[in-house]
Amino acid sequence: MVNKLNCAGVSYSYPGGPFAVDGASISIEEKSLICIIGPNGAGKSTLLKGMAGLLSLDQGDVTVDGVPVSGLDSRARARTLALVPQFLDAVPPLTVESFVMGGRYGHLDSWRRADKPDYEAVRAALDAAHVSDLSERLLGELSGGQRQRVLIARALAQEAGYLLVDEPTSSLDPEHQLGVFGLLKGLAESGRGVCVVTHDLNLASQFADR
């Protein structure tokens, strides 16, 4: 069986509103980078949240490697799926390193504190996202583009098999846009399944498998 994140006939409506996602089907296989493109309000971000198991779907199923995402507890889901939001609803008063360490949630429990492998995973994630030099800075001190790269670093620290990334380049200059997509492509080539929502047709055509 080919390992993949699979959505079949997924529909979701916000309370009192029409369907934000209506009958969507998509599969994200390992070693692939998939881009979802569409106008504002088309339901792209909602679909990512549904794929990540953060919404109670009206219809359809989401499975990861054949297992229903809805059946995973929060820690197992964090080890399997990493969602990179477009922005933070609220900026916590944390340093970059502490915030990225939060990505290790799925690997820790109440009996085990962060140890050497966790710190190594965080350092590797900071390096990969090119934010090591910001590790001691507070999140609130960062620019929008810097904060976006920190969000990617936190997702990388999860070491999840599938990455769901919502408009990762919206606050970045052209050089860093290419850098982020190059990073995501490299992660796909190394074995992860990556799904990116983007408005940038040029980047999508350059890096996406589909």
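Me: Which residues are linked in a network of salt bridges?
Reply: A salt bridge is a side-chain nitrogen of Lys or Arg within 4 Å of a carboxyl oxygen of Asp or Glu. This is a predicted model, where local features need pLDDT of at least 70, side-chain atom pairs count only at pLDDT 80 or more, and totals for chains, interfaces and linings use all residues. Residues are numbered from 1 along each chain as its sequence is written, and side-chain values use heavy atoms, with hydrogens and water left out. The network of salt bridges links Arg104, Asp118 and Glu159.

Me: How far apart are the closest N and O atoms of Arg104 and Asp118?
Reply: Arg104 counts as buried at 5% relative accessibility, and Asp118 does at 0% (buried is under 20% relative accessible area, exposed over 50%, partly exposed in between; 1.4 Å probe, protein chains only). In their salt bridge, the closest N and O atoms are 3.0 Å apart.

Me: Is Glu159 buried or partly exposed?
Reply: Glu159 forms a salt bridge with Arg104, with 2.9 Å between the closest N and O atoms. The relative accessible area of Glu159 is 42%. Glu159 is therefore partly exposed.

Me: Which residue does Lys185 meet in a salt bridge?
Reply: Lys185 counts as buried at 17% relative accessibility. The N to O distance is 3.1 Å, and the partner is Asp209.

Me: How many salt bridges does the structure hold?
Reply: Among them are Arg104 with Asp118 and Asp209 with Lys185. The structure holds four.
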